[in-house]
Amino acid sequence: MSRIHEALKKAELERQKVLGSKRDSLTSKAIATRWKGLRWGGKPEHSGPGKEFSLNLDGPASESRSSESSAAPQGKPDPSKMLFLGESPSGPGVEAFRTLGTRLYLLKKQRPLQKILVTSPFSEDGKTFVSANLAQALAQQGHRVLLIDADLRFSTLHMFFGAAPGPGLTEYLNGECDQESIVQKSPLDNLFLIAGGMHMEVATELLANGRLEELLVLLSPDFDWIVFDSPPVVPVSDAKIIGELCDGAIVVARSGSTTLTWAQKACRELGDANLLGIVLNRVDPKAARASSYDYSKKKESKSSGS
């Protein structure tokens, strides 16, 4: 038994050594240099040291990817979903996400906080909308942000950005490509995206195969925040697996739809994941305006002397 124990211990040490060497070889400076050269919807303007760096947006990442996915054209961000890229960058929705970003930033000063899971009790509660706009708010504050679409069963985050659907997280977890091939630059400075890739009906085993943890080891040193858009937590267990690798979780509840019972169940399902709070989505605009402080009107009132 002692020999078996020693063999297992040696194997674990070798595994940690391999992970450490990968992390050291991809230093923050080297990766930042490569990321800096990325252009939206195309290949980088220049490559970093070593092999040529390509996003592979113009062709399939592997033969297993569908022709429809690999041939998907680059589009423009959806302004109805990407509030910070819309026509009203100072609307109540934008200010709400700025407030959320500020609260997370202040919380980060008190405790380690980098990797955030965004989930919801069920689909269509708005978790993808919240994760996308939270990432934008953090990026606008000057932080380097990586947004990951981890809803491998039904990934839609790339549609918000008008980005390529792959190669993405599915292809990386399957071992079909490396981390450099799946990172895309968004139209917003400091914000980067990993799309979901090819849809998977059974994603739990893929998320638990260890490669997601390795991906975070490789990329965490180069970003201030990593935001996961995950599947809903009640019907499937994917969010629980991702949550174990994160520093905290946010649950999105839909106003007028999510009951207290289901919201509480979602929080319980996360188990040991540290719950940071609950975001109430799709609040009645009239109620939001009534409860908010209209700074612009207050400023006009002061300037007129009233």
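A: A nonpolar core is a set of buried Ala, Val, Leu, Ile, Met, Phe, Trp, Tyr and Cys residues joined through side-chain atoms within 4.5 Å, where buried means under 20% relative accessible area with a 1.4 Å probe, protein chains only. Here the largest such core has 36 residues, and Leu 169, Ile 194 and Phe 228 have the most contacts inside it. Two or more residues are given to this core by each of S2, helix H7 (169-173), S4, helix H8 (204-207), H9, S5, helix H10 (238-243) and S6. H9 supplies the largest share, five residues. A second, separate core of 32 residues includes Leu 138, Val 145, Leu 188 and Val 252.

Q: What kind of model is this, and how are its residues numbered?

A: This is a predicted model, in which local features need pLDDT of at least 70 and side-chain atom pairs count only at pLDDT 80 or more, while totals for chains, interfaces and linings use all residues. Residues are numbered from 1 along each chain as its sequence is written, and side-chain values use heavy atoms, with hydrogens and water left out.

Q: Which residues is Ile 194 in contact with?

A: Contact means heavy atoms within 4.5 Å. Neighbours within four places in sequence aside, the partners of Ile 194 include Leu 146, Ile 148, Leu 169, Val 183, Leu 215 and Leu 219.

Q: What is the order of the strands in the sheet?

A: Strands of a sheet pair through backbone hydrogen bonds, either parallel or antiparallel. Strands (E, at least two residues) and helices (H or I, at least four) are DSSP runs numbered from the N terminus, and two strands pair if DSSP finds at least two bridges between them. In this chain, an open sheet of seven strands has mixed pairing and the order S3-S4-S2-S5-S1-S6-S7. Its edge strands, S3 (183-185) and S7 (275-281), each pair on one side only. Strand S6 (residues 248-254) pairs with S7 in the parallel sense over six bridges, and Val 251 stands opposite Ile 278 in S7.

Q: Is Gln 136 buried or exposed, and what does its side chain approach?

A: Gln 136, in helix H5 (residues 127-140), is buried, with a relative accessible area of 0%. A polar atom of its side chain lies 3.4 Å from the backbone nitrogen of Phe 84. Beyond four places in sequence, Gln 136 also touches residues including Met 82, Leu 188 and Leu 191.

Conventions: Buried means under 20% relative accessible area, exposed over 50%, partly exposed in between (1.4 Å probe, protein chains only). A polar contact is a pair of N or O atoms within 3.5 Å; within protein, one must be able to donate a hydrogen and the other to accept it, and residues adjacent in sequence count only if both atoms are side-chain atoms.
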